[in-house]
Structures are given as C-alpha cells and as structure tokens.
Amino acid sequence: YRDDDDINDVASMAGVNLNEESARIMATNSDLVGTQIQSCKDEPFLAAIPLHKRILEMAKKLGITDVPAEVVTFISHATQNRLRTVIEKVTVITQHRMESHKDDEWYEQATDVRSQLKFFEQLERLEKQRKDEQEREILLKAAKSRSRQEDPEQARLKQKAKEMQQQELAQMRQRDANLTALAAIGPRKKRKLDSPGLLTIGGEGLSMSGGSQAGLGTPSSRQYARQKITRVNLRDFIFYMEQERETSHSLLLYRALLK
C-alpha cells in the first residue's frame, strides 16, 4: 500500500481530492454505466451492385481489373457527403434570396421595381383609354354627319360606328343579365370555414368561442405547426456552381446557363 499512499500524498500536495474527482466522473458518465454499445451496420448510400459495375467500367479504361468492395463503400459515402454539402450550400443561397429586409431598421428601400411596373401599366392603360375615347368621338361624329356626297371613308367610319354601338349595346345587355341572375340567386352563403368564429390551421377549423367545440385555449385543441418548405430553383444552383472552384468552368454550368 505504500505506492497508493505516495499517490495520495502527491495528489493532496497538488490540491486534488481523488474521491471527489471519481464521484464527478461517475456522475458525468452515469448514463453510460451499465449500457452496451454495439456497432451499427454500415449501409452504403448508393446501390452497391450498379455502382460497382460503373466503377469497373471506368477502371478498365485505366487498366485496373479488380476493385474491392471497400472502394465501392468509400465512394458511396463520399457521394453522400458531397451531396449533403451541396444541398446545405444551395439551401443557404435560397434562404438568402428569400430573405426580406423590409422590416429591418438598418435597411432603407432605394427602389421599388414592382411599384414602377404598376405605374407604367397604369400609364399604358390610361393612354389606351384616351385613344379609345378619341376614336369613339371620331366615329360618333362620322355617324351623325349627314353629308350628301358619298365618301368611301365616311361610309367606312359610319359602318364602324354602327358596329361599335352594337357591341356596347350587347355588353350592356350582358351586364344587365348578369345582375338579374345574381339577384335571382340571392346573397351568397358563407361557408363554415369562412365564419369569423373559426380559425383555419393546417386545413382544420378550430372554434374561437366556447361551447361543445374545442377552443384554442382548451387542452384538447390540436395545433399543427406549418412545415417550412425551401424551394430551390435553377438560378440558385447556377449561382452555387459559379461560386465553387470545381464547377465555375465546368461543362455542367454552361449547359445550365443555356437552359
């Protein structure tokens, strides 16, 4: 027991209590005490047989006739790791694209392309309406004129004015018929899901009021969390390939740009 006494003396001189350290270690790894750890089966990510055939076809061109199974498993895991890395990076790119800074106090909106397009569309609509009004006035003047001389252009304008009046009359009749049909049908009844006392979550209606139905405040109500879906498009993948050194000059990138 002399060696143990020497160890205790050295530990006590260093200010270490072996009993406290042993108790702390046992408390930290208490969930592992009495458990049995087994190794899981190594399942490849890709199908082993088709992948092995593909590797053999490529290896025969280089003069290699035998490829062990460990190489196939290693390539399968490498493919899985590479695919996971690509998906993670493209997902980050997509999330950055979908991120909105409208409510951020550190960002100030400089241009609004959507409002500009709406403004130009409204200008085009007003310009078209003005031209239609001018053409309508010309046609009405031509229809009201009673010149004795038979002018072919005047006759054409009168015919066009007559057709325009007939078209406007048909539109008015169609509008009156639609209003009459809506009045005969009566007011539209609201669906149950559209009623103000219901809240739609995940396609199911939950009642806001008390009673026999389960409300949002009761423990029996079920709320389904909406799963957030990240949709990756071709532009995100092209941006990823342009940033990567391995794919920035690849044939796959040029093919994607041509689509």
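Start with the side chain of Thr-94: it reaches the backbone oxygen of Val-90, at 2.9 Å. Keep in mind that this is a predicted model. Thr-94 sits in helix α4. At 0% relative accessibility it counts as buried, because the cut-off for buried is under 20%.

What does Thr-94 contact, leaving aside its neighbours within four places in sequence? The list is Thr-230, Arg-231, Val-232 and Asp-236. I will come back to Asp-236.

Now the helix itself. Helix α4 covers residues 69-98, which is 30 residues. At 1.5 Å a residue, α4 should span 44 Å, and its end C-alpha atoms are 43 Å apart, so the two values agree.

Which residues of α4 are buried? They are Val-72, Ser-76, Val-86, Val-90, Ile-93 and Thr-94. On the spacing, an α-helix has 3.6 residues a turn, so residues three or four places apart point the same way. As for the cover over the buried residues of α4, it includes α3, residues 48-60, and α7, residues 234-243.

That takes us to α7, and to Asp-236, which is located in that helix. Is Asp-236 buried or exposed? Asp-236 has a relative accessible area of 3%, so it is buried, the cut-off being under 20%.

One goes to the side chain of Thr-94, at 3.1 Å. Another goes to the side chain of Arg-97, at 2.9 Å. So much for polar pairs. Not counting residues up to four places away in sequence, Asp-236 touches Val-90, Ile-93, Thr-94, Arg-97 and Arg-231.

Two packed helices are described by the angle between their axes and the distance between the axes. For α7 and helix α8, residues 251-258, the axes come within 10 Å and cross at roughly 150°. The crossing is left-handed. From α7, the contact uses Leu-234, Ile-238, Met-241 and Glu-242, and from α8 it uses Leu-252, Leu-253, Ala-256 and Leu-257. By class, that contact has seven nonpolar residues, no polar ones and one charged.

Methods: Residues are numbered from 1 along each chain as its sequence is written. This is a predicted model: local features need pLDDT of at least 70, side-chain atom pairs count only at pLDDT 80 or more; totals for chains, interfaces and linings use all residues. Side-chain values use heavy atoms; hydrogens and water are left out. Helices (H or I, at least four residues) and strands (E, at least two) are DSSP runs, numbered from the N terminus. The expected span of a helix is 1.5 Å times one less than its number of residues. Buried means under 20% relative accessible area, exposed over 50%, partly exposed in between (1.4 Å probe, protein chains only). Contact means heavy atoms within 4.5 Å. A polar contact is a pair of N or O atoms within 3.5 Å; within protein, one must be able to donate a hydrogen and the other to accept it, and residues adjacent in sequence count only if both atoms are side-chain atoms. Axes are lines fitted to C-alpha atoms, for helices over the stretch in contact, and angles run from 0 to 180 degrees between N-to-C directions. A crossing is left-handed if the near helix is turned anticlockwise from the far one by less than a right angle, and right-handed if clockwise. Ala, Val, Leu, Ile, Met, Phe, Trp, Tyr, Cys and Pro count as nonpolar, Asp, Glu, Lys and Arg as charged, and the others, Gly among them, as polar.
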